[in-house]
Structures are given as C-alpha cells and as structure tokens.
Amino acid sequence: MNIPAHLKYTKTDEWYDPGTGALGLTDYAQSQLSDLVFVEIHVEPGDALEPGTAIASVESVKASAETYSPVGGKVAEVNKALSEKPEIMNSDPYGQAWMIKVAEAVAASDLMDAAAYERYCAERTH
C-alpha cells in the first residue's frame, strides 16, 4: 500500500497535500473499490468548501462511493481529465488522479499523518 509521508489523510480515505492544495482518493480506497470506471466531480472553481463537503462520486466494477473534502477553502482547480480517464485513479492515485486543488485551505483538525493512516488501514484489514 502506497502512503506518501508528505500528505495528510482522513478516516474516509481521502488525501490532502498541504504544499499544493491538491486532494484525492487514497491508494487504499481505490484498491478496496477495485477498478474505477467512473468519476464525477461535483464542485467547480470558485466554490466554497467546508471540511466534509461531498466533492465527487466514484464508481468501480463492484461499488460506488462519495469523496469528501478534508479541508475547507475555495476550489481553485478541478481535474477534468478524471471524468474522461477514471482508470488513472488505479494507477496514479497521488499524482495525475488528484481531484481538486483548494486555495486558502483550512485543514480539518482530525487529519492523520502517514504513520497514523497506515495504522488505521491495518486495523481495518484485521
């Protein structure tokens, strides 16, 4: 399981990069969902977010899920390529598969660092 150390994580399996404002779905989440076949991002640049706002829906061959923002702020950019190539989420969840970028972000207080998220994922698999 890939858990980059510089990112922050939620218990609902989203990641957030404090350096770039990008966020998306974790490697753990995409591996649990299996092959992703559909991504629809529900927010647009300029939209205001609160932590926990639903930002996207994803569907795989076996399940569907909502994705929530781990931060508050203003949507700066939306990754339109994901709706055309949702399979990017399976191969590059922390790179090309970012969902949105947030400006003036205020992180939720319960975000985990990589070590805490790794422990959290391990607890769920037992």
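**Salt bridges, cores and selected residues in a predicted model**

The structure holds 2 salt bridges, a salt bridge being a side-chain nitrogen of Lys or Arg within 4 Å of a carboxyl oxygen of Asp or Glu. The model is predicted: local features need pLDDT of at least 70, side-chain atom pairs count only at pLDDT 80 or more, and totals for chains, interfaces and linings use all residues. Residues are numbered from 1 along each chain as its sequence is written, and side-chain values use heavy atoms, with hydrogens and water left out.

Arg 124 lies in helix α4 (residues 114–124) and Asp 13 in the loop between β1 (8–9) and β2 (14–16), so the pair ties together parts that are 111 residues apart in sequence. Helices (H or I, at least four residues) and strands (E, at least two) are DSSP runs, numbered from the N terminus. Arg 124 is partly exposed, at 31% relative accessibility, whereas Asp 13 is buried, at 10%. Here buried means under 20% relative accessible area, exposed over 50%, and partly exposed in between (1.4 Å probe, protein chains only).

The side chain of Asp 13 also makes a polar contact of 2.5 Å with the side chain of Tyr 117. A polar contact is a pair of N or O atoms within 3.5 Å; within protein, one must be able to donate a hydrogen and the other to accept it, and residues adjacent in sequence count only if both atoms are side-chain atoms. Apart from neighbours within four places in sequence, the contacts of Asp 13 (heavy atoms within 4.5 Å) include Gly 24, Leu 25, Thr 26, Tyr 28 and Ala 29.

The other salt bridge is formed by the side chains of Glu 44 and Lys 80, at 3.5 Å from N to O. Glu 44 lies in the loop between β4 and β5 (48–49) and Lys 80 in the loop between β8 and α2 (81–84), so this pair links parts that are 36 residues apart in sequence. Glu 44 is partly exposed at 38% relative accessibility, and Lys 80 is partly exposed at 48%.

The largest nonpolar core has 25 residues, and those with the most contacts inside it are Ile 41, Ile 55, Leu 82, Met 89, Met 99 and Ile 100. At least two residues of this core come from each of β3 (22–25), α1 (27–33), β4, β6 (54–60), β8 (71–78), α3 (88–91) and β9 (100–107). A second, separate core of 13 residues includes Leu 7, Tyr 94, Trp 98 and Tyr 117. A nonpolar core is a set of buried Ala, Val, Leu, Ile, Met, Phe, Trp, Tyr and Cys residues joined through side-chain atoms within 4.5 Å.

Asn 90 is located in helix α3 and is partly exposed, with a relative accessible area of 23%. Leaving out residues up to four places away in sequence, Asn 90 touches Gln 30, Ser 34, Asp 35 and Leu 36. The side chain of Asn 90 makes a polar contact of 2.8 Å with the side chain of Gln 30 and reaches the backbone oxygen of Ser 34 at 3.1 Å. Between the C-alpha atoms of Asn 90 and Met 1, which are 89 residues apart along the chain, the separation is 12 Å.
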